[in-house]
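Please consult the sequence and the model while reading.

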Amino acid sequence: MSKTEEFITHLAEGQKYKKDSIILGTGVLDGVPVNGAQIKVALKTMNRHGLIAGATGTGKTKTLQVIAEQLALKGVPSVLMDLKGDLSGLAQPGTANDFIKNRSEVIGVDYEPMGLPIELMSISDEKGVRLKATVSEFGPVLIAQILELNDTQQGVISLIFRYCDVNHLPLLDLKDLKRVLQFITNEGKEAIQKEYGQVSSASVNTIMRKIIELEQQGAERFFGEKSFEVEDFLRKKDGKGVISVIRLTDIQSRPKLFSTFMLSLLSEIYETFPEQGDADQPKLCLFIDEAHLVFSNASNDLLEKIEAIVKLIRSKGVGVYFCTQTPTDVPDSILGQLGLKVQHALRAFTAKDRKAITKTAENYPDSPYYETSEVLTAMGIGEALITALNEKGIPTPLAHTLVRAPITRMDILNEEEIDAVVENSGLIYKYNQDIDRESAFELLEKKMNELEEAQKKAELPGPKPSTRTTKRTVEEASLFEELSKNTMVRQLGRTIFRELTRGILGSFSRKR
């Protein structure tokens, strides 16, 4: 048996799948693509998460595009966080040329250009479906960790959420949260102290500054109504999974907002989706491009929460894929949870780069056909080292792979095409409306105005009630009791999950 035949047999033995799979490319041996050595990933294991890494310009975003395409063709929807603006082209067919046709022929796949169903979304001013969430849906644990609060300040946030729950004061946006913070140190200070104990003004001031910092990164657009329902990520069209492209090109300079959104999305999916157990294919896959923006700016508590959710969310049938430049951008505790690893070329310009390459090579299985550290620097554009998990959870053989070309456009949409996608959206009219209903801010302002008017009337000339009566009236009409009597419509959206969210996620909020 020749070396090439041994190579084909070696790969085939490690990729024996009983269920469906997707083809990513073909194996490369001694620098030559081998026909008949297809590299496949079992759909059954695509909820085991993954990593797509490589230096700038090596093709990692196109590999992400290929995986999302193949999932969509199998009926699996996905969510793509597009920070560079490279992925809107999924809506339009690619262009067939001789190079792509020859590449596809070597890999053993037909090249059929087509556009796929996509939904453009945004958490800022980009065109598309607006994604929002309320402060209450985040809960005190996530809010405290996003703001990077200490234990004392976290206690204040928990107090505020409890007080607003008891007194039916919806916390919908950051304006509501700031107003309640002002209230507990001013007009409502006595009522709060009587019911919950003294609250430090210094802690409240620190929290206020943290909120303002978050607002400066554009968070006021994200917090509010109408809350996005994550079930809308699970749509299909003509049997194909809908690809939700979240346009984040104006978020790169605001990493805290990005990490806030990402964590809230993962948390909401985890709390909303039912347990799925082992299934033949994932329910949803999320691709987080430029993942280093999440981890480089996250506190230890936030990292612990992300790690916990990544561990647990796969039981919901959800796969999470991190796309970044080097595996070292992802914490080891999360890297160890990733089943599919796609490593594009790395460049060794400095001693630090060479150390990173050596460390990266250690993360991959040994192969009798490659010296991994050498291949890492020798691969061309559109080539990658790939290993996945087979249906038994065993890593497949490491393969230097010639990755297939995307069937959709490898360029962005123009403005007219973007407008067309947005106009044809089935979700625009559901979410792109400004809602500012009566919530904590308005209710507290209204109550303060009513008390002020009552005080003015009491100061007008005329018969005055007895001291005993006045004292008794003031005692019985305390602000806390008045607010407690106030009734209103409960929050819209999914606030029915709020207590469940806090209970489950709260168990991860502190280091043990």
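The model is predicted: local features require pLDDT of at least 70 and side-chain atom pairs pLDDT 80 or more, while totals for chains, interfaces and linings use all residues. Residues are numbered from 1 along each chain as its sequence is written, and side-chain values rest on heavy atoms, without hydrogens and water.

**Helix α4 and its partners**

- Two packed helices are described by the angle between their axes and the distance between the axes.
- Helix α4 (residues 135–146) packs against helix α12 (residues 300–313) at an angle of about 130°, with the axes 8 Å apart; axes are lines fitted to C-alpha atoms over the stretch in contact, and angles run from 0 to 180 degrees between N-to-C directions.
- Helices (H or I, at least four residues) and strands (E, at least two) are DSSP runs, numbered from the N terminus.
- α4 and α12 are therefore oblique to each other; angles under 35 degrees count as roughly parallel, over 145 as roughly antiparallel, 65 to 115 as roughly perpendicular and the rest as oblique.
- In this contact (heavy atoms within 4.5 Å), Val141, Leu142 and Gln145 of α4 meet Asp301, Leu302 and Lys305 of α12.
- With helix α5 (residues 151–166), α4 forms an angle of about 160°, again with axes 8 Å apart, and the two are therefore roughly antiparallel.
- On the α4 side this contact includes Val135, Gly139 and Ile143, and on the α5 side it includes Gln154, Ile157 and Phe161.

**The second largest pocket**

- The second largest pocket has a volume of about 380 Å³, the space filled by probe spheres set on grid points joined across faces, edges and corners.
- A pocket is an open set of points on a 1 Å grid over the protein atoms alone, where a 1.4 Å probe fits, with protein on both sides within 12 Å along at least five of seven lines; lining residues have an atom within 4 Å of a point.
- Its lining has 19 residues, and Leu116, Pro117, Ile118, Lys237 and Asn424 lie nearest the centre.
- Two or more lining residues come from each of β5 (118–122), β7 (236–237) and α16 (415–423), with α16 giving the largest share, three residues.

**Backbone details**

- Most residues other than glycine have a negative phi, and most peptide bonds are trans.
- Glu148, in the loop between α4 and α5, has a positive phi near 60°.
- Glu225 and Lys226 are joined by a cis peptide bond, with omega about 10°; Lys226 lies in the loop between α9 (219–222) and β7.
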